[in-house]
Amino acid sequence: KPASSEFYISLIGGAQANKYKIRVTGVGTDYYDTAEIVDLNAWSHIVVIMKSGVNGTSIYLNGNLIGDR
């Protein structure tokens, strides 16, 4: 049986009003928060790549790599 590939992308409140960080949550309680800030009420393109067979997640924001774990 293949490992679960479910994950969730959410925005979590930052210290600044109307600005949020990206949180990627995997199965269980494992999660990864980015340091980059996403503006509310503005379009952003978020891509998460889960690497099969290895522990690794890459997160892109508007085409720029912002997290690699």
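I started with the neighbours of Ser58: leaving out residues up to four places away in sequence, Ser58 touches Val47, Val48, Ile49, Lys51, Leu65, Gly67 and Asp68. A contact here means heavy atoms within 4.5 Å. I am working on a predicted model, where local features need pLDDT of at least 70, side-chain atom pairs count only at pLDDT 80 or more, and totals for chains, interfaces and linings use all residues. Residues are numbered from 1 along each chain as its sequence is written, and side-chain values use heavy atoms, with hydrogens and water left out.

Next I checked burial. Ser58 is buried, at 5% relative accessible area (buried is under 20%, exposed over 50%, partly exposed in between, with a 1.4 Å probe and protein chains only). Its side chain makes a polar contact of 2.7 Å with the side chain of Asp68. That term covers a pair of N or O atoms within 3.5 Å; within protein, one must be able to donate a hydrogen and the other to accept it, and residues adjacent in sequence count only if both atoms are side-chain atoms.

Then I looked at the strands. Ser58 sits in strand 6 (strands are DSSP runs of E, at least two residues, numbered from the N terminus). Strand 6 (residues 57-61) runs antiparallel to strand 7 (residues 64-68), with four bridges joining them; pairing takes at least two DSSP bridges. I noted Leu65 as the bridge partner of Tyr60. Two residues lie between the strands of this hairpin, and Asn62 has a positive phi near 55°.

Of its 69 residues, 19% count as buried.
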